[in-house]
Amino acid sequence: MVAFLFLCGVGLLLMLLEALKWRKIVPFFLTGSVLMAYVLSVLEWKDKFNIGFFENMIGFDKPAIAFSSVIIISFFIWLFAFMDTYKNKEGMSEIFILALFSVCGALMLTSFRHMASFFIGLEIMSIPLYVLAASAKNKVESNEAGFKYLIMGSFFSAVILFGLALMYGATGSFEFVQIKTQVKMFPEKIPAFFHAGLILLLIGMLFKASLFPFHFWAPDVYEGAPTPVTAFMSTIVKTSVMAAAFRLFSFSFNMFHENLEQILLWSIVLTLLVSNITAAVQTNVKRLMAYSSISHSAFLFMIIYVNIKNNISINTLMFYTLAYSVASLGFFAVLNYIAGYEEKSLDVFKGLAYRNKFVAFTVLICLLSMAGIPLTAGFFAKYYVLTLLGVSGNWTLLVLAVIASLIGVYYYLRIIILMYFKEPANSDYLEVSDNFKTALFISSLLIILFGIAPAVIFEIFKV
Amino acid sequence: MALLLFVFPLLAGFLLLLSRMRAFWSISFIFSLLMFAGSLSAFFGQSYPNFINFEIPWVPSIGSHFHLNAGGVGSALVLLTGLLYPIIFIQQKSRNLPPAFFGMAFIMQAGLNGVFMARDAVLFYVCWELALIPIYLICLMYGGQNRETITLRFFIYTVLGSLFMLAGLIYLYTETGSFFSERSFSHEAIMDAGSMMAEKKQILVYALVFMGFVVKIPLIPFHVWQPSAYTNTPFAGTMLLSGLMAKMGTFGYLFWLAPTLPLGHQYWSPLIMALAVITILFAAGVAIVQKDFKELLAWSSLSHMAMMAAGITSLKEEALSGSVVMMFSHGLTAVGLFVIADILERHTGTTQIQQLGGIRSMNGQFSNLFLIVLLGSVALPLTSGFPGEFLILSGIYQYGQGWAVAAALSVILGAVYMLRSYQRIMLGEPPRDQVFKALESTDKWALMILCALIILLGVYPNLILNGIKEGVGELFLNLNK
């Protein structure tokens, strides 16, 4: 809670700094504050810390703090990775401030207890993103991406809102706990349109998490948006949407799932197939990563799907989001560094190992982690998901997940081969800055640490 | 010691990969000798459980332990790994391989030792993949033409297999645990759970796990990646692949699968036996018509690996021991034969059998060493190949006489292709302009050590058999329950 308020305050302060033309200290101040916020957030980690704030609209229980920490860590790495792209350029502080507000929205999404705070969080997170996606304002594609995202995003926000309204109409309450109890106590009194509302809510969340058949926006937006924004969307936004979906479908609405479950199951199955097969034939690196990100969304939603029945998997979800975010940030950082806005072909990775060994090695680790190869965090993330599917008896999903990982290995390997076994188009040594190096170092360190000793982080929730 | 056998090569590998030492060959060689000493002490120190065992909790919430044990069936293979590394390094000294190769070879050694020592399914899977990654990279970096296509095929096949295996292991995991105990990935728990499962489930899980092993062994029709991968890798890589890597498949089959699911094994064993026997005969037949010596060796290796698989499939105690002995012996002879192919290529510039001939008249010593390795490979009595094949065939005979007769044909076929190639390469008239100089001392030493071991093991197979007796016995405890 303190961390959340603190970051909101920092956002306002930064706007003030910008207005007072002290923009030079913005990056420094922001980095310090994010680190501070992380400390504050970890300090709140206590047993039975379950008080709601603002008339029980927000509550930072353990899952909320855990996901907040994942988001804050990701944001921290994001700042280091993309600092140099914006530092002392036009529009620097706007971009950092917008990103920070988006993070505040994301934190709200991890901790809501009330329909209003859920929706407000979602919008606080999304609206800065629409602007950020269009932030390369001289490029047509970027504007297109921002516009597309705005139209689609607003439309599905409306769908969610409609769903929430129906649910409110059916139960007369905005608070998720009360809705839950009401449905549990008097199931016969709940009108049918409550379920319609629930389905609309689910569809909205599927859109936000870019699952099939609501995934079409993701490749376009990922491709058009500047790389730092793409990285932001595929990590921080994804983590928060997953945390929100977990809270909605596991904590709140987990006992009336007959219709939900089928929709979710088919959506996951088709996402796994469509995204991986499409990714395997991409030549555009950002579109490839977009489809890979969609495939990871499907993995994450599998955890939520399993969780509808047995509430055991919050560790897995958190570990997966963390592993994926860290690897994804490392990858996008390098992509941003070696390729300009216009260069989108996979060939930018050609011969990277000859140009800078350290950078190539980091990309290698990140890709291996995303592919789920042992001794990286991604392996255990995937392993936990598969174990979870096995324990809960979803064997069809497990086999599909295995096949999907296999295809994933293929397209990640393509990039690795390009890096290590092709001659570079230009063989100059690739100079790297300290900030960038720090980001890469942190991400590869975390990936290897969690790959060797996953219990460090995996055991924090005793369920 | 178990932990050391795993961690030391891992650290050594990263050290060699990251640092730029000039004396990297000597350092790698010393490291490999240290590993050999370690594996030797572990093999002969099996009676001290504290010495060879290492266990700490790894991921408690899913019941996974970091549990390594250098005893039992795997001990022979740990010893083999420790033994072959210095020999390969010595023999490859003059090839000017880069430090990265040695680094990856050590990481692979960590993986291999991990696979042979792991007593926990998660750890086993991690090490399994850990051993595969360096060899992909070796194939990719130092391979010949078409290396990308070939490595990709190799990669896809093996990853497909291992992911199915993962699914199967997870299924077994879900069956472990009871009212009294938590779920666990440990070998004992999985063995217990496996033998209790209903027949239908056993059949399904057996198929899943077997996929991982059959690709690695490999048996027809999963062998497509193997000959091209063997022939396109540089010799050092081929030696690692055929001498050590292939053993992962047979070891996994023997240790994790065959005794674990008795009913599943009963259901599938006729099919596997048929596949194995077909592979034995088909590969031997293909080897006969090969024109290239390296390709011939690849097919002959396929045939021998299938023989071990057939032995394990029979699930008789002597056949299991025989398979382990044969794995050991095949490690020696396969590396020996690839060493010979390497020498041939370097001295004459080709491995095409047609273009070779009359080497005996130019270098008698080389020809004698070749003959010993070759006789070891065709399993002549008093060479290391014999006890293993004999035990396997006697096990298969108990399983089904027809199978034993068919499998035994391979001994004849093996003699045919091996002796014919010997005859053509070594005897007869040399091509006109060919000279064959004296062997380099490194090559000579490597071959002489291998020959000595081949004969030693042929005369006294109990050296290995005694070491694994207890381990094989343990596996049978589960079956007799």
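A residue is called buried here if 20 or more other C-beta atoms lie within 10 Å of its own. With that in hand, here are the close-up views of this predicted model.

**View 1. Helix α10 of chain B is mostly covered.** This helix spans residues 225-232, and seven of its eight residues are buried. The buried set is made up of Trp225(B), Gln226(B), Pro227(B), Ser228(B), Ala229(B), Tyr230(B) and Asn232(B). Look around them and you will find their cover, which includes α6, α7, α11 (235-257) and α13 (293-314) of chain B.

**View 2. Strands β1 and β2 of chain B form a hairpin.** Four residues lie between the two strands, and in the turn Gly63(B) has a positive phi of about 70°. The pairing of β1(B) with β2(B) is antiparallel and runs over six bridges.

**View 3. Strand β2 of chain B is buried on both faces.** All of Ser64(B), Phe66(B) and Leu68(B) on one side are buried, as are His65(B), His67(B) and Asn69(B) on the other. Because six of the six residues of this strand (residues 64-69) are buried, β2(B) is largely enclosed by the rest of the structure.

**View 4. Chains A and B meet in a contact built from both partners.** Chain B gives 24 residues to the contact and chain A gives 22 residues. On the chain B side, β1 (53-59), α6 (121-142) and α7 (147-175) each supply at least two residues. Helix α7(B) brings the largest share of that side, with 13 residues. By residue type, the side of chain B that touches chain A holds 20 nonpolar, two polar and two charged residues. For the model as a whole, the scores are ipTM 0.75 and pTM 0.84.

**View 5. Ala360 of chain A sits in helix α15.** The helix covers residues 357-371 of chain A. Ala360(A) has 20 other C-beta atoms within 10 Å, and so counts as buried. Beyond its neighbours within four places in sequence, Ala360(A) is in contact with Leu352(A), Ala353(A), Met419(A) and Tyr420(A). For a sense of scale, Met370(A) is 10 residues from Ala360(A) in sequence, and their C-alpha atoms are 15 Å apart in space.

**View 6. Leu100 of chain A belongs to the largest nonpolar core.** This core has 360 residues, and those with the most contacts inside it are Leu100(A), Met302(A), Leu367(A), Val385(A), Ala401(A) and Ala310(B). Zooming in on Leu100(A), and leaving aside neighbours within four places in sequence, you will see contacts with Leu7(A), Val10(A), Gly11(A), Leu14(A) and Leu30(A). In soluble globular proteins, nonpolar side chains tend to be buried together.

**View 7. Chain B, seen whole, has 20 helices and two strands.** The C-alpha atoms of the chain fill a box of roughly 80 × 55 × 45 Å along the principal axes. The radius of gyration of chain B is 21 Å, which agrees with the value near 23 Å that a compact globule of 481 residues would have. Of the 481 residues, 60% count as buried. Among contacts in chain B with a separation of 6 or more, 81% are between residues 24 or more positions apart. The mean pLDDT of chain B is 87, with 99% of its residues at 70 or more.

Methods. Residues are numbered from 1 along each chain as its sequence is written. Chains are lettered from A and ligands numbered from 1 in the order in which they are written. A residue is buried if 20 or more other C-beta atoms lie within 10 Å of its own, exposed if 12 or fewer, and partly exposed in between; C-beta atoms are placed from the backbone. Two residues are in contact if their C-beta atoms, placed from the backbone, lie within 7 Å. Ala, Val, Leu, Ile, Met, Phe, Trp, Tyr, Cys and Pro count as nonpolar, Asp, Glu, Lys and Arg as charged, and the others, Gly among them, as polar. Two strands pair if DSSP finds at least two bridges between them. A nonpolar core is a set of buried Ala, Val, Leu, Ile, Met, Phe, Trp, Tyr and Cys residues joined through C-beta atoms within 7 Å. pLDDT is the predictor's confidence in each residue, from 0 to 100. The radius of gyration is taken over C-alpha atoms; the globule rule is 2.2 Å times the number of residues to the power 0.38.
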